[in-house]
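Please look through the sequence and the three-dimensional model shown here, and keep both at hand while you read.

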Amino acid sequence: MLIAEDGTGKTDAERYISIEEANEYWEKRGEPEVWSSATQPQREAALRIATEWLDGEMQWKGEKANIEQALSFPRNGVEDKD
């Protein structure tokens, strides 16, 4: 089971959203077959890969909220555009 970041800067987080949140996201978008036919381990792998891509490819503003956190978010010095 993958551990989702919850905004506290977890040291063991492996993804940004839960399987339930991903399921809800895809349900609202017509649930494409590639997601609906995926097994739980495949869905978890997809979320891990997406998280690794985001953290590896994006150049985020600000700095990590906690130097020990596993993922790039949460961050300090970043303002919401709204």
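## Basis of the report

A polar contact is a pair of N or O atoms within 3.5 Å, where, within protein, one atom must be able to donate a hydrogen and the other to accept it, and where residues adjacent in sequence count only if both atoms are side-chain atoms.

The model is a predicted one, in which local features need pLDDT of at least 70 and side-chain atom pairs count only at pLDDT 80 or more, while totals for chains, interfaces and linings use all residues. Residues are numbered from 1 along each chain as its sequence is written, and side-chain values use heavy atoms, with hydrogens and water left out.

Gln-69 belongs to the loop between strand 1 (63-64) and strand 2 (75-76); helices (H or I, at least four residues) and strands (E, at least two) are DSSP runs, numbered from the N terminus. With a relative accessible area of 3%, Gln-69 is buried, a word that stands for under 20%, whereas exposed stands for over 50% and partly exposed for what lies in between (1.4 Å probe, protein chains only).

The side chain of Gln-69 makes polar contacts with two backbone atoms, reaching the oxygen of Pro-74 at 2.8 Å and the nitrogen of Ala-65 at 3.4 Å. If residues up to four places away in sequence are not counted, Gln-69 touches Gly-9, Lys-10, Thr-11, Lys-64 and Pro-74, where contact means heavy atoms within 4.5 Å.

## A cis bond and a positive phi

Most residues other than glycine have a negative phi, and most peptide bonds are trans. The peptide bond from Phe-73 to Pro-74, however, is cis, with omega near 10°, and Pro-74 is found in the loop between strand 1 and strand 2.

Glu-31, although not a glycine, has a positive phi of about 40°. Glu-31 is placed in the loop between helix 1 and helix 2 (33-36), and its relative accessible area of 31% makes it partly exposed.

## Aromatic rings

A search of the whole structure finds 3 aromatic pairs. Rings of Phe, Tyr and Trp (its six-membered ring) pair if their centres lie within 6.5 Å, and planes under 30 degrees apart count as stacked, over 60 as edge-to-face and the rest as tilted. The rings of Tyr-25 and Trp-26 have centres 4.9 Å apart and planes at 90°, so this pair is edge-to-face. The rings of Trp-60 and Phe-73, with centres 4.8 Å apart and planes at 90°, likewise form an edge-to-face pair. Because Trp-60 lies in the loop between helix 3 and strand 1 and Phe-73 in the loop between strand 1 and strand 2, their pair ties together parts that are 13 residues apart in sequence. Ring pairs link Tyr-16, Trp-60 and Phe-73 into a cluster.

Two of these rings also have a charge over them, a term used if NZ of Lys or CZ of Arg is within 6 Å of the ring centre and within 35 degrees of the ring normal. The charged end of Arg-29 sits over the ring of Tyr-25, 3.7 Å from its centre, and Arg-75 lies over the face of Phe-73, at 5.9 Å from the ring centre.

The axes of helix 1 (residues 19-27) and helix 3 come within 11 Å and cross at roughly 90°; axes are lines fitted to C-alpha atoms, for helices over the stretch in contact, and angles run from 0 to 180 degrees between N-to-C directions. Helix 1 is therefore roughly perpendicular to helix 3, since angles of 65 to 115 degrees count as such, under 35 as roughly parallel, over 145 as roughly antiparallel and the rest as oblique. The contact is made by Ile-19, Ala-22 and Asn-23 of helix 1 and by Gln-40, Arg-43, Glu-44 and Leu-47 of helix 3.
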